[in-house]
Amino acid sequence: MSINFDEYNNIISMFFKKSTELQDKPYLWKKHDNDFKSLSWKEVESLVKAVSRSLLDIGILKGDRVVILSENRPEWQIADLAIMAIGAITVPVYTTSTTQDYSHVINHSGARCMIISSHELCLKALPAVENSTDCKSVIKINQDSHSYDNPVNILKWNELVEKNTNDNYNFEEEIKSIKRSDTACIIYTSGTGGNPKGVMLSHGAMLSNCTGAKILLQNLLDGMDEIKFLSWLPLSHSYEHTLQFFTLGIGAQVYYSEGIDKLVVNMGEVSPHFMTAVPRFYDSLHTRISQGLKKQGKLSQSLFSTTLRLGKKKYNGEKLTLLENITNNILDKLVRRKVNKRFGGSLKALISGGSALNFEVGLYLTALGLPLLQGYGQTETAPVVSANPPEKVKLDTVGKLFHGVQVKIADDGEILVSGENVMNGYWNDPESTSKTIINGWVHTGDIGEFDNEDYLKITDRKKDIIVNAGGDNISPSRIEAKLDIEPEISQSMLYGDFKNYLVAVIVPEKDFSINWAKENSKNDDLKSIIEDDDFNKVIKDVVSRVNKNLSVIEQVRKFILIDHEFTIENSMMTPSMKVRRFKVKDKYGKKLEDLY
C-alpha cells in the first residue's frame, strides 16, 4: 500500500488517480439477489463522471450545495464524488431524521438539489424540498413506479446516467482548481442551542485524517494484497464519511452491509479485515456472546472462562506461568480463532469511535482475541483526534494523537485541538464559529488529560450534548423545549449518555395535575398524582405526541415523574435559569438508570 495522502490537493483527484491505477479491479460491493456483486474502479469512475455531468446539466455550479439522503450503498459514494468533481459541496443527512430536520438543513445550507435513494425517504423529504426556496430538483436513485403529488422536479438516477454519454467537461483540468482548503462537505451536527450547525470540512481536513489512519494501521496493512472493509455506520456520520476516502486511497474493497440486523451475517460472508463501529455494536456483541455461552456445555464454558481470565491477565501485563502460557496458546486455536471466525475470520482491527467504549466490554472482547482499537474525535475535527495504535492498546484511553493533530489541555481541563483537520467553521454561523475556534484551536467541550505515555484520556464533558451508544450527538435542550411546551409538562431533563435510548425526568404542570386529579376523583396531592398509573398514561401519551416530531434517536422511551420543580433555591437551576444537569443527575440518577 503506497500512497501519500499529503500530495493530493483534493479528494477527487486522488479518486481519479486510483481508478486509473486499479481499472478493472473490484471496488464497491452491494448485495443483489442474496449475493454480493461489485462495481469495478473503472465502472465507478464512469458513473461518477455521468452523475457529475447530470448535475451540471440541471444547473449545479461550483460551490453549490447538494444534499444526499440515502442508506449506505455504492451510489452514496458515487454521488459524493460526483458532487466534488464539479467543485460543489456535499451535505449528508441521516435517513432517521424528520421532515422538519430535512427542511432546516435544506434551507440553512441553501441546497439546490437533493439526491434521495428510496420511495420511503421521498415521502419524508419531498415536503421539505417543496417548502424550500432554493432546492429545485430531486434525483431519485431507486427505480420504481411511485409518483408524487409534490410540485418538485424529480429526475431518475438511471436515466441521467444513461443520458450523459458525451464528455464536454474536462474533469482533470477543472479539478486542478480545487484546493485542499476548499470546503468539500457540510455535515450538520446537533448543538446545545437547538438547531443543528453545519460543520464545513475541507478536502485537506479529511485527507490529513487519512494520513493519520494510514500511519496508525501501517503495520497491519503492510504486505496485504487485498484489503476489505465492511461499511455499515451511516455515511452521513463524519466518522464513516472520512473513512471512505481512506479506503479509497489505499485501494481497498468496500462492502456495504445490509444493516445492523444483518451485520454479523455480512461479516461472515465478506470476511472483512477492518470495520469501524460505535460502542453500541460492541455492547451487543458482548451480550450475544455471553448469552450464547449459557447454552453451551460445561466444557465449553470452562474453556471460555479460562480464555477470558488469561486474556485479561495478558492485557493487564501480568506474567503468565509456563503452564498458563501453554494453555493460552492452545486457547488461541480452540476459542479465539473460533470467535474470530464468527466474524469472518480475517479481522485485523475493529475500530471503535463515536462515544466512549465501556472498559469492561472492551476488555472482554480483547481477551477473546478481537483486535479492538478505540479512538476519539468530533465532526469539527474531520473527525479523528486520536486512536489506540494496534501495537499497544490501552482501553481506558482514546489513544495517541493522529499525525498532524495538536492537542493542548486548557487551564480548566478542556481539550483544545489544532491542525489541518480542524473545520473551516460553521456554515453561515460566524458567532458559533468564533465561540468554538479561538486562535485556531477548537474548544471541544470535553475534559481530558494525557497519561505518562502520551495517551489521551477523556474524563468528563463540559457541554450539554448527549452522545448515545451509537455515537450520535443529540441536543437535549432541543427535545426538552418540545416537551416543555406541552401544556401538561412544566419542565424536563433528558438522560442517555452512552445508552441505547433516551429517558427523561419530567415535572408535570402543577395546575393541570391537580385539575386532572379532581376531575378523575383522585387524591389531589402531587406526590399521589405522580404515582398514579392513569396519570402516568396521560403523560405517556403527551410524550408519544412529541416523539412523532422527533427522529428515532431523539425519541424519549421512558420517564420518571417528580413532584417539585427545578428551582434556583434547590440548586437545580442557575441564576440564568438553566437546568444544572449534574445536580438533577445526582438526585435522580439511580431512578433514571433503573429505567434501563
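In which sense, left-handed or right-handed, does α1 pass α9? The crossing is left-handed, meaning that the near helix is turned anticlockwise from the far one by less than a right angle. This is a predicted model, in which local features need pLDDT of at least 70 and side-chain atom pairs count only at pLDDT 80 or more, while totals for chains, interfaces and linings use all residues. Residues are numbered from 1 along each chain as its sequence is written, and side-chain values use heavy atoms, with hydrogens and water left out.

**View 1. Contact of helix α1 with helix α9.** The axes of α1 (residues 11–22) and α9 (residues 238–249) come within 9 Å and cross at roughly 35 degrees. Axes are lines fitted to C-alpha atoms over the stretch in contact, with angles from 0 to 180 degrees between N-to-C directions. Helices (H or I, at least four residues) and strands (E, at least two) are DSSP runs, numbered from the N terminus. From α1, Ile-11, Met-14, Phe-15 and Lys-18 meet Phe-245, Leu-248 and Gly-249 of α9 (contact: heavy atoms within 4.5 Å). Five of these residues are nonpolar, one is polar and one is charged. Ala, Val, Leu, Ile, Met, Phe, Trp, Tyr, Cys and Pro count as nonpolar, Asp, Glu, Lys and Arg as charged, and the others, Gly among them, as polar.

**View 2. Lining of the largest cavity.** A cavity is a set of points on a 1 Å grid over the protein atoms alone where a 1.4 Å probe fits but cannot get out; lining residues have an atom within 4 Å of a point. One cavity of 30 Å³ or more is counted. The largest cavity has a volume of about 70 Å³, a volume being the space filled by probe spheres set on the points, which are joined across faces, edges and corners. Helix α9 gives the largest share of its lining, four residues; β10 (228–231), α9 and β11 (253–256) each supply at least two. Among the lining residues are Gln-77, Glu-240 and Tyr-256. By class the lining has six nonpolar, four polar and one charged residues.

**View 3. Cis peptide bond between Ala-382 and Pro-383.** Omega is about -10 degrees. Pro-383 lies in the loop between β14 (372–377) and β15 (384–387).

**View 4. Positive phi at Asn-428.** Phi is near 50 degrees. Asn-428 is in the loop between β19 (425–426) and α15 (430–436). Asn-428 is exposed, at 57% relative accessible area (exposed: over 50%; buried: under 20%; partly exposed in between; 1.4 Å probe, protein chains only).

Methods
On a 1 Å grid over the protein atoms alone, a cavity is a set of points where a 1.4 Å probe fits but cannot get out, and a pocket is an open set with protein on both sides within 12 Å along at least five of seven lines; lining residues have an atom within 4 Å of a point.
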